[in-house]
Amino acid sequence: MTASDVNRGPAGPDDGAVGRTPAGGDGPADRKRPSQRPYNHPAAGWGAARSVGRVLVKEHAFVDGPRAVFRMNHENGGFDCPGCAWPDDIKGLKLDICENGIKHVTWEMTPKRVGADFFARHTVAELSTWSDFALEDQGRLTEPVVYDAVRDRYAPISWPDAFALIGRELRGLDSPNEAAFYTSGRLGNEATFLYQLMAREFGTNNLPDCSNMCHEASGRALQAALGTGKGTADLADWEAADALFIMGVNAASNAPRMLTALADAYRRGAQIVHVNPLIEAAATRTIVPHDMTDMALFKPTPTSTLNIQVRVGGDMAFLRGVAKAVLEESAHDPKALDHEFIGRYTFGFEDYRALCEATSWEQLEEQSGVPRADILKAARIYSASDRTLVSWCLGITQHEHGVDTVREIVNVLLLRGNLGREGAGPSPVRGHSNVQGNRTCGIDHRPTPDFLDRLADACGIDPPREHGLDTVRTIEAMNEGRVKVFLGMGGNFALAAPDTAYTAQGLRRCALTVHVSTKLNRSHLVHGGKALILPCLGRTEKDHQRRGIQGTTVEDSMSMVHLSVGMKKPASPHLLSEPAVIAGIARATLPGSRTPWESYIEDYDRIRDTMARVLLGFEDFNRRVRLPLGFRIRQPARELAFLTPSGRAEFSAAGLPDAPPPGDVIVLQTMRSHDQWNTTVYSDNDRYRGVRDIRTLILMNGEDMRARGIATGDLVDITATARDGSRRHLKRYRAIEYSMPRGCAAGYMPEMNVLVAASDYSRQSDQPLMKNIKVRVAPSPQQ
C-alpha cells in the first residue's frame with residue numbers, strides 16, 4: 001500500500017471530510033503570520049486572567065460567565081467542570097476554577113445556535129470543507145436531525161421517530177455484537193450506568209470508550225500490581241507528601257488546578273520532580289489566580305525543584321535507574337528500603353532486585369536519555385523522602401510498554417513502602433471530567449464475572465459474558481463490516497481515534513451512525529448510510545424531569561464522587577438529558593424490557609438506588625452523595641488489602657523496551673495545545689509554548705534539525721512508517737526548534753492522528769501509540 005493510498009481514504013462525495021489544510025489544521029486558521037518565542041511568565045497568573053476576560057467577551061458571557069465562575073466545582077448545588085477530572089478543593093475554596101475550565105463552560109454556554117435553518121442552508125459536502133473550529137463555532141445543536149441522502153443534508157426529526165429509527169436498525173441486526181456503543185468521558189455516572197445496562201440487555205459488551213485511548217494501560221497495570229484499577233492517593237495525600245514525582249503530563253494546560261497543589265507543596269518544603277521530554281509551564285513557576293496577594297504583587301511560586309528531560313518512551317528506564325540507585329544505597333544504608341513493608345506486603349521483590357542489579361548504568365542512560373548523575377539526583381530526592389507520591393498521565397501510557405512503565409512506578413513506590421499511608425501512593429491524572437466514573441459504572445468491554453453477576457441480580461437481565469470490542473477493535477470491525485451500527489455518547493470519535501482516514505472509512509461503512517452531542521463536529525459529517533445527530537443538555541444546564549430538577553454524579557481522578565446540578569436554562573426546549581436519550585433508545589430497541597426506563601428518568605434517585613446494588617463502594621449512594629464533598633469510593637489497596645493472585649502488592653520484572661530510534665528516525669509524540677480541550681480547538685495559539693497562529697507544526701531538537709538541513713520556520717514533510725510497513729504523510733508543516741532530547745519531536749493532535757496507523761497499538765493495553773510514532777522529517781521541496 002502506498003502512502004497516498006493510506007492518506008487519501010475512500011473516494012466519495014465527502015472525501016474531504018477528514019482532510020487537512022496545511023496552512024490551517026483544525027483551528028480557526030486566521031492566516032496571520034505564525035510565530036514562536038519562549039514564554040517566560042509564570043503559569044496561570046495574569047496571563048490566565050487576561051485569557052479569561054477575552055473568552056467572556058468573545059462568547060458574550062457577561063452574566064452567565066461570572067455566575068458560572070462562582071458555581072463551578074462547588075458543592076451544595078454547584079456543577080462539575082466539564083473539563084478535566086482534577087478533584088475539587090476539600091477546604092471550601094470559593095474560586096476552585098481555572099482558565100481552561102472557564103473556556104469549556106463558556107464554549108458550552110454560547111448564545112449561538114444550530115437548528116433546522118442552518119442545516120437547510122448547508123450540505124454535508126459543504127460542511128466537510130470547513131475547519132473543525134468553524135463547525136463547533138456555529139453553536140449549540142437545538143433539535144434532533146436525520147441525514148437525508150437525496151439532499152445531502154441533515155433535516156429535523158422528532159424524538160419518537162429518531163428513537164424508532166434506532167430501534168429498528170438495532171433489532172434488525174443479525175447479532176447484537178454488530179453494534180458498538182462508544183462513550184466519551186463527559187457522560188455522568190447515571191447515564192453511564194443506563195448506557196451499559198441498555199447495551200448488555202440488548203446483548204453485547206461492545207462498549208469502547210475514550211479510556212481505551214488514554215489510561216487503559218494505567219488501569220491494567222494497577223489492577224495487576226495492586227488489585228485495583230485506580231490510583232490510591234487522594235488530594236489530602238498531595239497536601240502531605242514530602243516528594244512529588246510528576247511524569248508525562250502538561251499540568252498547566254491539561255489539569256491546571258494541579259498548580260495549586262504544586263505551589264502549596266513547594267511552600268511547605270516538598271521536593272517536586274518533573275519528568276517529561278519537554279519542560280512545560282507547570283514545571284517552572286506559577287501565580288495561582290485565587291491567591292489575591294500574589295496576583296497583586298506579581299509574586300510567582302516555583303513549582304519544581306528538579307526537571308528531568310527524559311527521551312520519549314524512556315520513562316521506564318529512568319524509573320529503573322531510580323530503583324537501581326535505591327537498591328545500591330541499601331547495601332550500606334539499610335533504611336534505604338522498607339524491609340518490613342516489602343516482607344509483609346509484597347511479592348516478587350528478589351526477582352526485581354536481581355533484574356535491577358543486572359541492568360547496567362550504561363543501558364539505563366542510553367534508554368532513558370538521562371545522564372546517570374541526573375538519575376541519581378532524582379533517586380536521592382526519593383530516598384530522602386518519607387512520603388512520596390507519583391503522578392502521571394498520557395506521556396507514560398500511550399506507548400507499547402505503557403503497562404510495564406506504570407508497573408515500574410509501582411515497583412519504585414513499593415521499595416520504600418509508599419503505599420497505604422498518608423502522603424504516598426500512585427496518582428494517575430485522568431483527562432476528561434468523568435472518564436474514571438465511566439469505567440466504575442460499567443463501561444468496560446472486559447467486564448468481570450462478579451460485576452455481571454451483580455448486574456444480573458439487581459436488574460433482572462442475562463448479560464453477555466464474552467468480551468466485547470474496545471476502540472481499536474471497533475474501528476477494525478466497522479471497516480470489515482462486522483459492526484454495522486455505531487452509537488457515540490459525546491466526543492468526536494472520528495478525530496479522537498487513530499488513523500483518521502481509516503476510522504472515517506469505518507464509520508462510512510456503517511448502516512447507521514448516531515451521535516449524542518452538544519455541538520456540531522467532524523464525526524457528524526463522516527456518517528453511515530443512515531445517520532442521526534441527537535442534541536443533549538450540557539453540564540451547566542438545568543435538567544428538568546417529572547420529579548423536579550435532577551442532579552447527576554461524577555467521579556474525579558482520586559475516586560471522589562459528588563453531585564453536579566446545572567444552573568441555567570437549556571439552550572433549546574427540544575434538548576433531552578443524556579439519561580433520557582438513552583432511555584428513549586432503550587425502550588424503542590427493547591420494547592418488551594422490564595427495566596423501568598421511564599421511571600428512572602422521572603427521578604435519578606431511582607437510578608442511583610439500582611447502582612447502589614450493583615457497584616461496589618456505592619452503598620447508600622443517594623445519602624452519601626449529598627454529604628459535603630460527596631464520598632470517596634473505598635480503595636482496598638489503600639488499606640493494604642491487595643486483590644491480586646498472591647494477596648500482596650506484586651513487583652513486576654519486565655525487560656526494558658528499546659527506546660532510542662534507529663538511524664534517522666525520530667520518535668514523535670502528539671499533544672494538546674493550551675487553547676484546546678481534546679479535539680475541541682479554541683484558537684491557533686499555544687501560550688505556554690510561545691506559539692501563535694499555527695497548529696501545523698513540529699517541535700524538534702535543534703541538533704536533529706541541523707543534521708537534516710532544517711532551520712526554524714522551514715517547511716518540512718513528515719513520514720510515519722507503521723508496523724505493517726505502510727507509510728503516512730503530513731506535508732508542509734513548520735519546524736520549530738524546541739528544548740527536548742535528541743531523537744524526539746512533538747506536534748498537535750488531532751491533526752497528527754493521521755500518522756498513527758490503526759495497527760500501531762500497544763499489545764499490552766490496546767492503546768494507540770499516540771506518544772510513540774516513528775517518523776522521518778525532511779525539508780519540503782518547496783519552501
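Okay, let's start with a rule: a charge sits over a ring if NZ of Lys or CZ of Arg is within 6 Å of the ring centre and within 35 degrees of the ring normal. R687 does that here, lying over the face of Y688 at 4.8 Å from the ring centre. R672 lies over the face of W677, at 4.1 Å from the ring centre.

Quick background. This is a predicted model, where local features need pLDDT of at least 70 and side-chain atom pairs count only at pLDDT 80 or more, while totals for chains, interfaces and linings use all residues. Residues are numbered from 1 along each chain as its sequence is written, and side-chain values use heavy atoms, with hydrogens and water left out.

Now, rings with rings. Rings of Phe, Tyr and Trp (for Trp, its six-membered ring) pair if their centres lie within 6.5 Å; planes under 30 degrees apart count as stacked, over 60 as edge-to-face, and the rest as tilted. How many aromatic pairs does that rule give? The count is 20. Take W46 and F298: their ring centres are 6.0 Å apart and their planes are at 35 degrees, so this pair is tilted. W46 is in helix α2 (residues 45-58) and F298 is in the loop between α14 (292-297) and β11 (301-302), 252 residues apart. Helices here are DSSP runs of H or I with at least four residues, strands are runs of E with at least two, and both are numbered from the N terminus.

Are those two buried or exposed? Buried means under 20% relative accessible area, exposed over 50%, and partly exposed in between, with a 1.4 Å probe and protein chains only. W46, at 35%, counts as partly exposed, and F298, at 57%, counts as exposed.

Then there's F181 with F202: centres 6.3 Å apart, planes at 75 degrees, so edge-to-face. F181 is in strand β7 and F202 in helix α9 (residues 189-202); both are buried. There's also a cluster, in which ring pairs link F118, F119, W130, Y147 and Y154.

Strand β7 takes us to the sheet. It's an open sheet of six strands, in the order β6-β5-β18-β17-β16-β7, with mixed pairing. Two strands pair if DSSP finds at least two bridges between them. Which strands are at the edges? β6 (153-156) and β7 (179-183), each pairing on one side only. Further in, β17 (residues 512-517) and β18 (residues 530-535) pair in the parallel sense over six bridges, with S517 opposite P535 in β18.
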